[in-house]
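Please study the sequence and the structure before reading each worked solution.

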Amino acid sequence: MNDIAIRLILEYVEKFLFDPKLNWPREEFEERSYSRWAAYEIIESIMDHPFEQPIDVIDDFYTRMIIFGRAAEGTKREAIFSCAADAAEEIALMFV
């Protein structure tokens with residue numbers, strides 16, 4: 001099951017979170033970069049927890065990003081965690 005989940009997430013990254021281009025506006029470049037980072041962190045977490053359901057791992061990551069975002073309110077880090085939470089939410093939708 002986890003192998004399938006990882007493959008689906010990698011396909012999602014390839015199709016929707018492809019590498020940002022250097023000529024993109026800075027904000028879009030950063031958002032895409034943070035989203036890609038989140039997707040790869042989710043993949044790593046799924047591999048690190050082979051006996052857990054992928055959706056549970058994704059949900060845990062999403063929850064942590066929300067908590068970290070609230071702790072970083074008013075800083076640049078808030079945007080990083082917000083992008084990561086959004087990416088996790090999009091990825092989770094593939095599994096429901």
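**Exercise 1.** Determine which residue forms a salt bridge with Arg26, and state how far apart the closest N and O atoms are.

*Solution.* Step 1: Arg26 forms a salt bridge with Glu30; the term denotes a side-chain nitrogen of Lys or Arg within 4 Å of a carboxyl oxygen of Asp or Glu. The closest N and O atoms of Arg26 and Glu30 are 3.0 Å apart.

Step 1: The model is predicted, so local features need pLDDT of at least 70 and side-chain atom pairs count only at pLDDT 80 or more, while totals for chains, interfaces and linings use all residues. Residues are numbered from 1 along each chain as its sequence is written, and side-chain values use heavy atoms, with hydrogens and water left out.

Step 2: Both Arg26 and Glu30 belong to helix H2, 4 residues apart, which is about one turn of the helix. Helices (H or I, at least four residues) are DSSP runs, numbered from the N terminus.

Step 3: Arg26 is exposed, with a relative accessible area of 64%, whereas Glu30 counts as buried at 18%. Buried means under 20% relative accessible area, exposed over 50%, and partly exposed in between (1.4 Å probe, protein chains only).

**Exercise 2.** Identify the network that salt bridges with shared partners form around Glu30.

*Solution.* Step 1: The side chains of Glu30 and Lys76 also meet in a salt bridge, at 2.9 Å from N to O. This pair links distant parts of the chain, Glu30 in helix H2 and Lys76 in helix H4, 46 residues apart.

Step 1: Lys76 is partly exposed, with a relative accessible area of 49%.

Step 2: Through shared partners, Arg26, Glu30 and Lys76 are joined into one network.

**Exercise 3.** At roughly what angle do the axes of helix H2 and helix H4 cross?

*Solution.* Step 1: The axes of H2 (residues 26–48) and H4 (residues 76–93) come within 8 Å and cross at roughly 55 degrees. Axes are lines fitted to C-alpha atoms, for helices over the stretch in contact, and angles run from 0 to 180 degrees between N-to-C directions.

Step 1: H2 is therefore oblique to H4. Angles under 35 degrees count as roughly parallel, over 145 as roughly antiparallel, 65 to 115 as roughly perpendicular and the rest as oblique.

Step 2: Contact means heavy atoms within 4.5 Å. Among the contact residues are Glu30 and Tyr34 of H2, and Lys76 and Ile80 of H4.

Methods. Helices (H or I, at least four residues) and strands (E, at least two) are DSSP runs, numbered from the N terminus.
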